[in-house]
Every structure is written in structure tokens, then in C-alpha cells.
Amino acid sequence: MRRMSESVRRAAIAAIAVVAACHPHDVTPPAPPAAPAAPAAPAAPPATTRAPLDRATVVCDAAIRCGTIGASQRADCVAPDSRLTLVWGSPDLLGEAARIASGRVRRVPGSDQRCLAALATGACRDPATYGACGIAHELVAANVAPGGACASSDDCVAGFCTAQPGCDGACVAKHAVGDTCGANQLCTDDAFCRDGTCRARELAGAACNGDWQECAGGLFCAGYRPPSTRVDNWHRAVPGACRAPRDAGERCDAAPEDHCRAGLACAWGDAEPTCQPPLARGATCRWDDACADGLACVGLALHGVAEGHRHYKVARAGTCAPRLDAGDACDPTAFVTGCPAAMRCDRATQQCRSTGHDGDPCESSWITKPHASDEPLDVAACNSSDYCAVATRTCKRRLALGAACTPQAFGVEDEPCFLGRCDAATKRCVSRCAP
């Protein structure tokens, strides 16, 4: 039975009292009010814990949204044995499970969900979106102290790892301001190496000489010009000044780095390149990263070098449009064909098709074809986790150390072993590491 509110209960008692006063002999005196009912047990709060994000779903949907693969490759991507190493990488060949098992790194509980949330909602060009992820799309914490064995700087609690790819090295502590530095000794993050000594990184407004580490984090060296010994353009080095990234509308360098603030890109296709926000679908675009997330500057073609700055000249503007998919018509001569990164615009069919992965047709990565510098290099090479097999001219997964292999001609054909070489005597994949 519902319990009356206190105000309603009091009003009811008052009404009965009025009736009794008017008819003192006709109305039975009211019984004393019942004691309030015991408070009901509080209802269970609604569940606020969201269902865990599914790794394959989030990773593959982000790859489609950001132009790594086409929508037609989604089923291949989410498969447990996906061949799309351009999305998933090669944790098995890199021995990442062994690094965790050995204790060199440890998983951070719950970090996989934080990483997946970043991938699901983050901007495609924001490094923070992918910086949230580590081994197998989760964060790991380093466990190796200076002096301990490591395979990657991610293993080191402090400092860096001296290992070459696929080899073991040792964790070395970074040196602070005033200490020695060099090719084999790095400085702490607040310092940079000059003339063998770690020096403090410069603040905004300070003079700089073009070293990318010279300015403090978040700043860059603006206006620096290296010296030139050309007879027709001889000049000494021109110092620059450390400053924050450029804002919308500010003139940008166009090449090699635009130094626009996050969310902007250098409109290097314009006569006067400036930092600009992303363009919407249907907009005319004149630079390759002009368009908003999920779009590409489809059809952009280049020819020659633009006067007045250091970038290529636009021969034909493109249009901001969704990326193409397998079988879609494309222009193989365009600098931006519109095909996803996992596909190429086939010159014969002028359609997008899968490339670089296990089973795709290929050419050795050593093959080079004469082409103008303002045209994209059109070689059907395999991704780094695969090699182009001579017998079938299709991509095959590279082999792990110790696996049986067939040596291929060095400098002509791809190496079949991952971070190693195929030993001609044993016909086994062996490490390239120095003894």
C-alpha cells in the first residue's frame, strides 16, 4: 500500500476533524492515525557500467573511417586470423607476447578500453588518438631498469634501449642538462644534444638553429634558413625563433613540415599557403590533407614545383569526398586516387583493389620504375609484414626466426624473413644482430 505524503495525511486528518465538529453525534470519532510504514528498501540504482568495447569492431571501424581499409574489407578485418597487417600490425613476429611474459613490460589493467574509446571517437590525424594504444591496442608499463636487457625503449623504466630492430640491447638512462651526449647517448626530454653536451630546450622567443629538439615541447623553430654555398644563392645560416604552432590564416612553410596547430593543415596548393581548417564534403581541395575526417581530396593531381615556396604545383584540384572501395573507378595518374591505404588504383582496370597483404599480386619492393617526382610511386610492393614470393608473385607473410626459408636474390627480390635473413647454408631464418 502506498504511504501518503505528510501533507496529504495531515489534510485528511483535518478534514475528518471538521466533519466531526459539525456532526458530533453522527460521526464515529476517528481512530488515531496509524504509525508511519517502515521506509521501503532503496531501489537498486540503474546500471551505469557500459558493455566492454569489442576490440575488432572498434579497430576495424576506425580503420574504415580513417581511410586505412575499405568498407568491403571489414569482414576480413574482424576475422580472428585477419590478413590485414596494415591494421593489426605483427605482434606475433615482433614477439610482443614474449615481452609481456618475460616481464619486460606489464599490461595496465583497463587500458585496452581507454585505448579503444580513443580509437572510436578520436580524430584520425590526432596523434593522441593512437598514442593511447600500445601492444595489441592497450597500454603497457615498462619494467626494465637501466642496465637491464631490452628489445625496445618501451621496456625501459627510464631512458632508452640500445637494441636494433629484432635484437636485444640494454636500457640506458638519459643524461640531464650539462651531461655528455651523442649518437649513443640521449638527453632527457627537457634537453637536446649540441656539441656533445645536453642543453636546455629553448622557450618561446629564444633564437634557434633549426634542430627539431632545440625548442621546448609544443614549440618549433620558425624562420630558420640553413646556409647555402650555391654561387647564385650564397648566404650564411639565418637563425630562427622558437614559437607556438601557427593559427588559422597564418602563412605556413608548406614543406617539409607545416607547423600549423592541431586541427589545421597547410593549404600548400594555394599561391600563398596558410593554415586552414578541414574542408567539408563537396569542397574543392588543393592539398592532400585538406578534407575533414572520413574524406579525401579525390582526384588531386600535381605537376611541377610551385613558384615562391617549396611544394608541388597543383595541376588539377580535387574534391573532398568519401574514400573509394574495392571495384570503384579511380584515376591512377592522380596524386590522391581516393583508394584506401590498403588498396591501390590498378592502372589496367582503373579500379581500386587490395594490395600489399597476403595473397595480393605484387612486385618486389626493389623494383623501381622511372617516374616524375611529382607523380606517386606506383609499385605493387607488399607491406612490411609480407614479402613478394618469386614463384607466385603474390604477397606472403614473412617468416619468424628459425623458420625454414628459401633464399632470394638480395637487391632484386624481397627478404622472406622478418627482421632477419635467410641463411643460405642452413636455409633457416637467422637474426641480423651482431654476435
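Which cysteine forms a disulfide with Cys-291? The close-up views below of this predicted model give the partner and two further pairs.

**View 1. The disulfide of Cys-291 and Cys-320.** Cys-320 is the partner of Cys-291, and their sulfur atoms lie 2.1 Å apart. The link is left-handed, with -80 degrees about the S-S bond.

**View 2. The disulfide of Cys-285 and Cys-297.** The S to S distance is 2.0 Å. About the S-S bond the angle is 105 degrees, and the link is right-handed. Two strands are joined here: β13 (residues 284-285) holds Cys-285, and β14 (residues 295-298) holds Cys-297. The two cysteines are twelve residues apart. Cys-285 and Cys-297 are both buried.

**View 3. The disulfide of Cys-252 and Cys-266.** The sulfur atoms of Cys-252 and Cys-266 are 2.0 Å apart. This link is right-handed, with 85 degrees about the S-S bond. Cys-252 lies in the loop between β10 (240-243) and β11 (265-266), while Cys-266 belongs to strand β11, so the pair ties together parts that are 14 residues apart in sequence. Cys-252 is buried, as is Cys-266.

**View 4. The disulfides of the whole model.** The count comes to 19 disulfides, taking sulfur atoms within 2.5 Å as a pair. Among them are Cys-291 with Cys-320, Cys-285 with Cys-297 and Cys-252 with Cys-266.

Conventions
Residues numbered from 1 in each chain as written. Predicted model: local features only at pLDDT ≥ 70, side-chain atom pairs only at ≥ 80, totals over all residues. Heavy atoms only, no water. Helix = DSSP H or I, 4+ residues; strand = E, 2+ residues; numbered from the N terminus. Buried < 20%, exposed > 50% of the residue type's maximum accessible area, 1.4 Å probe, protein only.
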